[in-house]
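The sequence and structure come first, followed by notes grouped by topic.

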Amino acid sequence: MEPVREIALVTGASSGIGMEIARILASQNCDLVICARRKKELQELSKELTEKNGIDCEVIIADLTTEKGVSALIKKVKDVDILVNNAGFGIIGHHTDMPLDRQLEMIDLNIHALTRLSHEFGNRMVKRGNGRIMNVASIAAYISGPGFAVYCATKAYVLSYSRALHKELRNKGVSVTALCPGYVSTGFQEVAGMKLSKMEKMTAVPPNKVAEIAIRSMRKGRREVMPGIVNKPLPLVTRITPMWLQLIIVNRILK
């Protein structure tokens, strides 16, 4: 009799880190539920994963910036052993210069959807006595970003929220890990309207490497992980650098 396979839900799986996480989990013999807005990309990924790994992979098309999309996902998915809240986006520009509705969508996706899914599936995991949650934050969680104000604030929420959940749930059989990547070679920068410098491109970590580190850390039950040696000093630097100087530095970098 074959052992029961783990079931993992990965949001934002149609590209980048989410896609690579789905690939690794499939290679670890997990059945998958993959969710995003882009139907074609998800269907192609599902076909790849099932043919290569012999696992089951369900595709759910949903817009998680909306209450309807989040509710539909929760309704369609039953118990999962692993929840990866990867869906998220950022846009760069001065807060008052950019359309408010797009910024509110960012909050809805990066915070609201992540919180609802963590609460819903976290409760199911606690009742069962086991499970793993990975919330994708960002290196931006450690800074305040002029020109990136709402995005940095949403990721600061994700990191703080995940740290607290890690403590609350660890004795209930559920681990919570915050993934805090720096620059990653994905389509995120194009959506955000960012142009990376040569230094930033040189220090960028490939998405498959980020995914490998993320899954390994999640399975070890770590509270948070920041891929890339260059990125690791940032939390310490932000603690010892005056805020007025941090804001000047970040403002120049984002310009």
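Leu-100, Leu-104 and Ile-107 together make a nonpolar surface patch of about 240 Å². The model is a predicted one.

**Nonpolar patch**

- The patch is built from the side chains of Leu-100, Leu-104 and Ile-107, and membership in a patch requires over 30% relative accessible area and no salt bridge.

**Arg-124 in helix α4**

- Arg-124 is also a residue of helix α4.
- Is Arg-124 buried or exposed? With a relative accessible area of 19%, Arg-124 is buried, because the class takes in values under 20%.
- Which residues does Arg-124 contact once its neighbours within four places in sequence are left aside? They are Ile-74, Val-77, Lys-78 and Asp-79.
- The side chain of Arg-124 comes to 2.7 Å from the backbone oxygen of Lys-78.
- Between the side chains of Arg-124 and Glu-120 there is a polar contact of 3.0 Å.
- Val-80 is 44 residues from Arg-124 in sequence, while their C-alpha atoms are 8.3 Å apart in space.

**Asn-29 in a loop**

- Asn-29 sits in the loop that runs between α1 (16-27) and β2 (31-36).
- The phi angle of Asn-29 is near 70°, a positive value in a residue that is not glycine.
- At 38% relative accessibility, Asn-29 is classed as partly exposed.

**Whole protein**

- Ten helices and seven strands make up the secondary structure.
- Of the 255 residues in the protein, 49% are buried.
- Among contacts with a separation of 6 or more, 71% involve residues 24 or more positions apart.
- The protein exposes about 13,100 Å², and 56% of that area is supplied by carbon and sulfur atoms.

Note on methods: Residues are numbered from 1 along each chain as its sequence is written. This is a predicted model: local features need pLDDT of at least 70, side-chain atom pairs count only at pLDDT 80 or more; totals for chains, interfaces and linings use all residues. Side-chain values use heavy atoms; hydrogens and water are left out. Helices (H or I, at least four residues) and strands (E, at least two) are DSSP runs, numbered from the N terminus. Buried means under 20% relative accessible area, exposed over 50%, partly exposed in between (1.4 Å probe, protein chains only). Contact means heavy atoms within 4.5 Å. Accessible areas come from the Shrake-Rupley method with a 1.4 Å probe; for residues, only the protein chains shown count as cover. Patches are made of residues with over 30% relative accessible area and no salt bridge: like charges are joined within 9 Å, nonpolar side chains (Val, Leu, Ile, Met, Phe, Trp, Tyr) within 5 Å. A salt bridge is a side-chain nitrogen of Lys or Arg within 4 Å of a carboxyl oxygen of Asp or Glu. A polar contact is a pair of N or O atoms within 3.5 Å; within protein, one must be able to donate a hydrogen and the other to accept it, and residues adjacent in sequence count only if both atoms are side-chain atoms.
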